[in-house]
Amino acid sequence: MTNPDFKFSALTERLSGPRSRAWDVTDRAVAMERAGRNIIHLGVGDPDFDTPRSIIDAATACMGNHRTHYAPVPGETDLRQEIAQLYSRQTGQDFDFGQVVIFPGAQAALFATMLCLSGPGDEVILLEPFYATYEGVACGGGADFITVPLSADTGYDLDVDKIANAVSDRTRVILANSPGNPTGTVFSRERWIELAELCRKKDIWLISDEVYSDLIFEGEHFSPLSIPEARQNVVAISSVSKSHAMTGWRLGWAIGPRALANHLDTLSQSMVFGVSQFTQDAVTQALREPPVELEKIKRTTQARRDALCGSLEQVEGLVVHKPAGGMFVMVDVSGTGCDGEEFANGLLDHSGVAVVPGSAFGDSAKNFVRIGYLTDSADLIKAADRINDFVSSFNSSG
Ligand SMILES: Cc1ncc(COP(=O)(O)O)c(C=O)c1O
């Protein structure tokens, strides 16, 4: 039993908001699988791709060469330089390694960045539907957050007027993500420029989460770091998790103004204290290679998207919002008479397919489920068949 005299911090409560339950259906699916049930996992965004062999070989060689000591806290200079050059090429602006800080994954980079930019009394704006962990990221440091729902009817495009209306004197940060999780929407250059201008005028930080930027099938990636005037208040966060099939390696970064990088370095001293040397070396090498593996991952992911969306579009009662990027599709299930939570739980029990209820991404998405195209096309078509069976089952039961 918990002794009420031994109290936990207010932080623990703030981190336990509704979105902390985003993975409940997935957890149940894992337990069912352990008990012998056949499950198709289309929940957690971890595709079945293997990390490219050359990266594994590079890491093993580095381990063999005893690159197993503490790395510099903000990251190995070679890797930071490689990332700075990557952004210089992509944005047409100059970046140097002093603007890059390495973290164990984009998740840690997001949390650390938010801690450096906002605190009690401040307000953070999230664009809904948002990645489930953003709630904890936004309020972990004590800030309040508000959400601005983007509409499925307009393809979840940025609505900068609506965002401007939500800005108050307390607004300190806007966190945006393109291609989006869960929506797969790729924000256009024009909308980004409008948003960045709003942030600049109102002295608001803009965090751009770009972890899916290498997985765009229609449209083009645009980083707000490309806008010369926006460089004082824009931070981009990314990682190799999705681009290089390296989710478990835990390597991501923040890139932005040097003053922020210095604060992130200091924060990391007391929180993370660096990322393993051999991981950083392997990623440095991966970023120097021609993007052959990236292309392969992207093309395969696109084919998977097409296979899944094509099959789901045949299921009566579902409205499929085909994504332009990323690895998830949002499906409106309200036509079946269920909300997302009922649908996801019922689907798991009836058909053994694990998806995430839309409520995990904000209240406005409660009639949706998020389905990942994370396995091969044959498996995805099988999953869509099972979804069809499930939907037919309650049609036939009235
Ligand atoms: C939008 C978004 N941001 C950040 C992350 C965290 O990525 P990482 O594995 O680099 O921590 C994820 C992971 O799924 C994500 O979907």
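## Salt bridges and polar contacts between the domains

In this predicted model, two salt bridges are counted between domain 1 and domain 2. A salt bridge joins Glu 218 to Arg 305, with 2.8 Å between the closest N and O atoms. Polar contacts between domain 1 and domain 2 amount to 16 residue pairs, with both residues at pLDDT 80 or more.

Four elements each contribute at least two residues to the side of domain 1 that touches domain 2: the helices α1 (10-14) and α11 (292-312), and the strands β10 (328-332) and β13 (368-372). The largest share of this side, six residues, is supplied by α11. Sorted by class, the side of domain 1 that touches domain 2 consists of 18 nonpolar, nine polar and eight charged residues.

## Domain arrangement and buried area

The protein chain is assigned two domains: domain 1 covers 11-50 + 293-397, and domain 2 covers 53-288. Taken over C-alpha atoms, the centres of domain 1 and domain 2 are 26 Å apart.

Contact between the domains involves 35 residues of domain 1 and 32 residues of domain 2. About 2800 Å² is buried between domain 1 and domain 2, and carbon and sulfur atoms account for 61% of that area.

## Ligand surroundings

The ligand is surrounded by 15 residues, and the closest of them are Asp 209, Tyr 212, Ser 239, Ser 241 and Arg 250. Within the domain assignment, domain 2 spans 53-288.

Several polar atoms of the protein lie by oxygen atoms of the ligand. In Ser 239, a side-chain N or O atom is 2.7 Å from an oxygen atom of the ligand. For Arg 250, a polar side-chain atom lies 2.7 Å from an oxygen atom of the ligand. Gln 107 takes part through its backbone, where an N or O atom is 2.9 Å from an oxygen atom of the ligand.

## Salt bridges in the whole structure

The structure as a whole contains 21 salt bridges.

Definitions and conventions
Residues numbered from 1 in each chain as written. Predicted model: local features only at pLDDT ≥ 70, side-chain atom pairs only at ≥ 80, totals over all residues. Heavy atoms only, no water. Domains from an automatic or database assignment. Contact = heavy atoms within 4.5 Å. Buried area = accessible area lost by both parts, 1.4 Å probe. Salt bridge = Lys/Arg side-chain N within 4 Å of Asp/Glu carboxyl O. Polar contact = N/O pair within 3.5 Å; in protein donor to acceptor, adjacent residues only side chain to side chain. Nonpolar A, V, L, I, M, F, W, Y, C, P; charged D, E, K, R; others polar. Near = heavy atom within 4 Å.
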